[in-house]
Amino acid sequence: MKKRILTILFLLTCTAAQGQSSVSEDAVKAAFIFHFIDFVEWSDEPSEFHICIPDDANLRTAVSESLEGKLVKNKKILVVNQSDVCHILVSDNVPAADQTLTIGPLEKGALLEFRVVNNKLRFAANLETIRKSKLKISSQLLKLAILDKNS
Amino acid sequence: MKTAQPPIIKKIMLFGILSGAISLLLACVGFGIVEFYKIKSESLARVNSQIEILIYNLQPTLLFEDKEAADKILLSLQNAPSLNRVRIYKNDGREFTAYIRMDQDGDLKLTKSIQFEGRPLGRIEIESHYVGLRERYLTYALVSLLITIISIPCLFIISAPLRAQVGKSVAQLVETTEALKRSNQDLEQFAYVASHDLKAPLRGIASLVDWISSDYTDKLDDNGKEQLGLLAKRVRRMHDLIDGILQYSKVQRTKEEKTSVNFNELVKEVIDSMAVPEHIEVKIEGPLPTLLTPRIQMEQLFQNLLSNAVKFIDKPRGLIRINGTEEGDHWRFSIADNGPGIDSKYYEKIFQIFQTLASREETESTGVGLAIVKKIVENNGGKVWVESQVGSGTTFLFTLSKSTAVV
């Protein structure tokens, strides 16, 4: 557990240096995904978390390296490219799904979206879509989110 | 007519007002201390709740390294005037962000670790000061001073009847004491003068008796000679009585200076000067102390006690034992004889002046000696008493304070 946290903290310290290489940005994205799980509640609480990353092989590798098999909320993380059940889906094409934390373009219906602001990785949220979904996302997390005008 | 207040009343009045004012001030100080602790605990509770809120809000900012969001949260502290500084540190000890409202050390400094789901993220350091403490204390001081100033005349007015009553009693007491002192002085003076003046005609009578008995010895019959002998005896007794009264009044009148007196030596000297009859043995049994006392009075004391013992011993082998015992803060002296003893009902009476148990014809006693003993002992802060059983001898005991002991 300690080791994992140290890895994540290390990754987060890389935030300032992100943008310099796609690997470090992916590693920071992996850390973000890990923390997102802490602030999201699924109405059907899963026995393990499936993180699906079908499009971006580099990100999948980075996420898989740092999160695969780790425990969050006492549940194991599985990183896959495709699955019947995705608890977290990172993709440019996000289908409508009630029980999935979708990370992708907000205009295409995703709940969260990674954005780089001033060379730093941030995330945006679409409150309207979040309200419609069956997920509960903590206001603690949403306070940090970039909110689009129409949301 | 209004009489001037005696100084004691002024002192009582001053003391009363002063103690009232001090009590009030103390009460105010007490309230001030209570208030201080109240402010302290309130501040602590406030800072603690501020920390909890901050930690809750700062958790995601530390997780996502979002300094801007953290700064926005800290900016909300503008509405908390008691905070001086807030610093947030990351797990590696580096400062993440800070809010500095007043760059000076606070009265209260708290540090708490920031955790999320049991994972350490960093720590928060918060420095705060007690808001309005100085103003509150200034108000307290002013109110206390005002109350004290107002209460002094109130105390003065309230205590007036009591003061008048006490004043009256004290004035009466002073008057009575003065009268008593004067009367005592007059009495002593009278005793001294009367005794002194009586001695001269008495000496004249004694001389006349002498002349008559020598000039008219062939003209007087046996009856006349016997009557003249009785007259001479009565004159001698009267002389002794007058001497006793003189000594008694002298104890009170003379202010003798205290000197270092070695009682072993003093008692020996007294015994030597007394010409104790051969059949009586006087023994100093224990080592006696050296005390700071009036020497002549101590001589008189032992002289009277020893001559009293010598006078009454009725045994063929008389024994007088002198002892000194250290007891707490005093020394206890005892003079024990193997004389006839005294019935317990006379224990008090024997110390009264002119009181003799045996008839004057038997003992030639004046009844002044033990009264002088009592006066000397009491004048020196001690007490005197007798322990005795008829037929088993008598022990006279007296105490002298150890504080006068010479090391």
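In what order do the four strands of the open sheet in chain B sit? Keep that in mind as you click around this predicted model.

**Stop 1: the sheet.** Select β1, β2, β3 and β4 of chain B. Reading across, the order is β2-β1-β4-β3, and the pairing is antiparallel. Now look at the edges: β2 (95-100) and β3 (108-116) of chain B each have a single partner strand, so one side of each has no neighbour in the sheet. On average, neighbouring strands here are turned by 15° against each other, ignoring direction.

**Stop 2: one pair of strands.** Pick residues 83-90 and 119-128 of chain B. These are β1 and β4, and seven bridges join them in the antiparallel sense. Highlight B:Ile88 in the viewer, and you'll find B:Ile124 of β4(B) standing opposite.

**Stop 3: helices on the sheet.** Next, select residues 7-63 of chain B. That's helix α1, which lies across β1, β2, β3 and β4 of chain B and runs at about 35° to β3(B). Then try residues 67-75 of chain B: helix α2 packs on the sheet, touches β1 and β2 of chain B, and makes about 25° with the direction of β2(B).

**Stop 4: a helix in the open.** Jump to residues 160-215 of chain B, helix α4. How many of the 56 residues of α4(B) are buried? The number is zero, so α4(B) lies largely in the open.

**Stop 5: chain A.** Chain A has five helices and ten strands, and 38% of its 151 residues are buried.

Technical notes
Residues numbered from 1 in each chain as written. Chains lettered and ligands numbered in written order. Predicted model: local features only at pLDDT ≥ 70, side-chain atom pairs only at ≥ 80, totals over all residues. Helix = DSSP H or I, 4+ residues; strand = E, 2+ residues; numbered from the N terminus. Expected span 1.5 Å × (residues − 1). Buried ≥ 20, exposed ≤ 12 C-beta atoms within 10 Å, placed from the backbone. Pairing = 2+ DSSP bridges. Axes fitted to C-alpha atoms, helices over the stretch in contact; angles between N-to-C directions. Contact = placed C-beta atoms within 7 Å.
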